[in-house]
Amino acid sequence: MNLESVLRQEISNAVNSVFGQEAPALQVQATNQEFEGSHTLVCFPLTRLSKKGPEETATMIGDYLVANTTAVSKFNVVKGFLNLTISESTWIELFSSMYANKNFGTLPSNGKEIMVEYSSPNTNKPLHLGHLRNNFLGWSVSEIYKDCGYNVHKVQIINDRGIHICKSMAAWKLFGNGETPESSGLKGDKLVGKYYVEFDKRYKAEIAELVEKGSTKELAEKEAPIMKAAVDMLQKWEHHDTGTVDLWRTMNGWVYSGFEATYKQMGVDFEKLYYESETYLLGKEEVMKGLEQGVFFQKEDGSIWVDLTDDGLDQKLLLRADGTSVYMTQDIGTAILRFRDFPNISRQVYTVGNEQEYHFKVLFLILAKLGYEWAKECYHLSYGMVDLPSGKMKSREGTVVDADDLMDEMIAEAEKQTRELGKIDELGDGEAKELFEMIGLGALKYFLLKVDPKKRMLFDPEESIQLQGHTGPFIQYAHARIKAILRKGNELGTTVQIDDFKNVTTIEPVEQELLYMLSNYESKLEEAAREYSPSIIANFAYELAKSYNQFYQMIPIFNEADPSRLKFRIAFSSVVATTLEKSMRLLGIRVPERM
RNA sequence: GGUCCCGUAGUUCAAUGGAUAGAAUAGAAGUUUCCUAAACUUUAGAUGCAGGUUCGAUUCCUGCCGGGACCA
């Protein structure tokens with residue numbers, strides 16, 4: 001039972017009988033703290049129907065609701081706002097149904113399938129802070145859709161071919177002395193990343209040297225030996241040269257095992273991985289087909305383009321004159337392949353930074369022009385960049401924040417603060433370690449997910465390790481305290497039956513506030529899915545935890561003389577705990593039993 | 001040159017066109033006989049500028065200023 005939708009229906013009926021007209025879209029919102037009531041109907045828009053002032057309109061509806069419904073027991077009118085007080089029996093009934101419903105907070109299957117792509121790294125560099133926002137966001141949106149009843153396929157596309165990986169390969173071959181992850185003790189992705197940096201360093205030095213000898217800068221950029229080596233490798237790779245392909249495979253293998261460890265720590269997973277080396281040829285085919293069909297056109301130099309000037313965009317290159325593909329070519333191939341692999345998906349979501357908005361606009365247009373019906377069901381889940389206090393992250397300037405390092409730092413900080421509070425006296429080493437991870441990663445995930453994805457956000461390492469205030473650990477802590485209450489309830493042998501609630505006749509305002517929030521959880525879930533925004537869940541969980549803390553402070557549960565009230569409070573504490581667990585799970589944050 | 005995004009307390013974030021714009025931090029002042037003080041209570045502090053749309057604008061529209069991204 002959803003209280004708000006029941007209310008909407010009742011109000012709709014009321015408007016119908018009082019004013020004799022069909023009610024328009026109703027504005028129902030939470031009642032402002034300072035007024036009595038929990039739900040408020042905004043009556044200004046209804047004055048057109050009633051042909052009366054806002055106050056009178058509100059009063060008429062209020063009178064009708066009190067007289068003709070069981071849910072509304074009282075009302076008051078402030079200006080055009082009709083504040084409704086829900087009867088206590090309705091609250092109890094609502095709560096009983098939530099308590100009895102084992103699937104509260106999970107919507108039944110709707111038979112729809114969607115695909116969510118996220119992460120999608122290059123194989124020449126380790127994952128960094130931006131990838132963390134991407135992964136947490138994509139993973140969380142997937143889980144939100146699952147709880148909304150969708151069958152979700154999590155995938156990524158790995159950019160495993162091209163000049164960038166050849167740069168790492170060239171540097172490794174020339175200067176690596178056969179170094180491996182085993183011999184160096186470095187994670188595979190870190191090792192390959194090291195040679196990517198090495199390439200850049202050598203390349204710059206070689207250019208400088210050539211310029212010194214009188215070459216122009218442009219020529220030097222082409223003639224630098226290490227660049228020639230990389231380009232040579234790319235050509236050999238495209239012609240399936242065995243040695244080059246073997247090296248490529250080996251080095252990518254190192255990267256994948258490194259990534260795997262990072263994903264494991266992040267707590268994200270994928271159903272299927274796509275590799276550009278396996279999709280770019282399909283992309284080329286599709287471009288050639290499009291050329292035949294006249295969707296694309298060829299320039300004199302042989303390059304292939306699409307003209308999007310009618311759509312308010314410009315011309316876009318799809319295949320270079322030398323026949324090599326660009327990102328767009330590969331993405332065309334990948335999209336088509338995915339709809340072949342999963343014919344039942346009704347939507348494809350791309351979790352990619354907002355600097356690629358133009359790219360995806362173009363991609364979806366091209367797919368539509370190629371005649372693919374599903375193109376309009378493709379969605380770019382775009383998110384803002386993560387800024388550092390020092391400015392933008394730049395790998396060349398060494399101002400990237402490495403994903404592994406950051407996670408380790410967060411865990412170490414959680415350990416430090418937990419030890420300072422002296423909270424781990426009873427825990428074994430294994431349990432303590434697990435707790436530090438839950439807290440450290442919880443803080444990090446919450447920090448990155450609480451912000452509206454569309455918005456650019458600031459990551460201040462100094463402030464982000466804070467575990468007080470509007471943070472993940474705040475919610476984890478509130479949850480742990482509820483668990484302590486439930487444990488004590490158990491020790492006292494308190495058993496709760498639904499029938500016990502029937503004897504409860506009054507509800508405190510704090511309790512009502514919590515019930516109101518709980519009753520809204522499922523609509524928040526739907527909203528989060530609709531908006532592709534885990535931040536809605538994150539903020540919900542925070543508000544719930546905060547309200548519970550206030551309740552916790554105000555009302556000493558075990559001093560309650562009335563046993564049915566005690567049971568009621570224990571029961572609704574347990575629903576708050578499971579709802580917190582549920583919403584935090586959607587963010588990928590685990591909640592400890594104690595902390 | 002063109003397209004798009006963003007400007008809210010000192011700082012980091014909220015606010016389906018609705019009530020006196022919410023939190024958190026940092027600042028000031030309090031609360032530990034009672035289930036875990038990573039908590040709670042009190043206090044001070046903000047919509048870039050100028051117009052427009054209307055009962056009502058942080059939100060929608062126009063212009064400007066400031067920050068960012070993308071396309072050739």
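**Sheet, helix packing and RNA surface in a predicted model**

Q: In what order do the five strands of the open sheet lie?
A: In this predicted model, local features need pLDDT of at least 70, side-chain atom pairs count only at pLDDT 80 or more, and totals for chains, interfaces and linings use all residues. Residues are numbered from 1 along each chain as its sequence is written. Strands are DSSP runs (E, at least two residues) and helices likewise (H or I, at least four), numbered from the N terminus; two strands pair if DSSP finds at least two bridges between them. The pairing is parallel, and the order is S7-S6-S5-S11-S12.

Q: Which are the edge strands?
A: Each edge strand pairs on one side only. They are S7 (272-275) and S12 (378-383).

Q: Which element gives the largest share of the surface near RNA strand B?
A: A residue is near the strand if its C-beta atom, placed from the backbone, lies within 6 Å of it. Of the 58 residues around RNA strand B, those that come nearest include Tyr358 and Arg594. Helix H18 (472-491) is among the elements that give two or more residues. The largest share, eight residues, comes from H18.

Definitions and conventions. Chains are lettered from A and ligands numbered from 1 in the order in which they are written.
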